[in-house]
Amino acid sequence: RPMSIQQRYPMLDLDQCTELRGYYEIGGKGRTEFTIDKNSEDFETLCTLLYEQAYRRSLKDLLPRGTRTIRVLPEDFEWEVFFQFEDVAFPDGSHTSGRILRVDYWYGELDIHFYGDIVSCSTKQQEAWAKQVLDTIQ
């Protein structure tokens, strides 16, 4: 069943997220980096778009991962968002800080990376949703 990031990773409280970083690229014309501070209106918008979205795990997770290639058209895009967390407590009692959560959209493919685990997934109206994320980080 589809799950939000909060449901999948309950130890990741957004109150402990201090910033969002990443990049985007449109039409293969080079990456543009961004940083969004916690006190920014864009921070709240982007967190809502990414954290409240329901993600359905893909069957692609059953297959080994290899190299990906694509022919990029001018309207194609990709983005990657890193969440910077401070003092996250895990169920085993350990704590960590850093960029332990990453959501990336690579020309139609969506992955969530958390502490070494990669989940390939999809969302409802994925292309429109991914464009909303892109519009927020531009």
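**First stop: a tryptophan and its surroundings**

Select Trp 79 and display its surroundings: setting aside neighbours within four places in sequence, Trp 79 is in contact with Tyr 23, Tyr 24, Leu 50, Val 103, Asp 104, Tyr 105, Leu 110, Trp 129, Ala 130, Val 133, Leu 134 and Ile 137. Contact here means heavy atoms within 4.5 Å. The model is a predicted one, in which local features need pLDDT of at least 70 and side-chain atom pairs count only at pLDDT 80 or more, while totals for chains, interfaces and linings use all residues. Residues are numbered from 1 along each chain as its sequence is written, and side-chain values use heavy atoms, with hydrogens and water left out.

**The core**

Buried means under 20% relative accessible area, exposed over 50%, and partly exposed in between (1.4 Å probe, protein chains only).

Which helix has Phe 43, Leu 46, Cys 47, Leu 49, Leu 50 and Tyr 51 as its buried residues? They belong to H2, and they pack against helix H1 (5–8), S1, S2, S4, S5 and H3. Helices (H or I, at least four residues) and strands (E, at least two) are DSSP runs, numbered from the N terminus. At the N-terminal end of H2, select Ser 40, the capping residue: a side-chain oxygen lies 3.0 Å from the backbone nitrogen of Asp 42.

Display S6 and S7, which pair in the antiparallel sense over five bridges; two strands pair if DSSP finds at least two bridges between them. Ile 112 has Val 119 in S7 as its bridge partner. The two strands form a hairpin with two residues between them, and Tyr 115 in the turn has a positive phi of about 50°. Strand S3 (residues 56–57) also pairs with S7 in the antiparallel sense, over two bridges, and Arg 57 stands opposite Cys 121.

Select Gln 84, which lies in strand S4. Is this residue buried or exposed? Gln 84 is buried, at a relative accessible area of 16%. Its side chain makes a polar contact of 3.3 Å with that of Glu 86 (a pair of N or O atoms within 3.5 Å; within protein, one must be able to donate a hydrogen and the other to accept it, and residues adjacent in sequence count only if both atoms are side-chain atoms).

**Aromatic rings**

The whole structure holds eleven aromatic pairs. Rings of Phe, Tyr and Trp (its six-membered ring) pair if their centres lie within 6.5 Å; planes under 30 degrees apart count as stacked, over 60 as edge-to-face and the rest as tilted. One of the pairs joins Phe 90 and Phe 114, tilted, at 6.1 Å centre to centre and 40° between the planes. Phe 90 is in the loop between S4 and S5 and Phe 114 is in strand S6, 24 residues apart.

Finally, select Tyr 55, Phe 77, Trp 79, Tyr 105 and Trp 129, which ring pairs link into a cluster.
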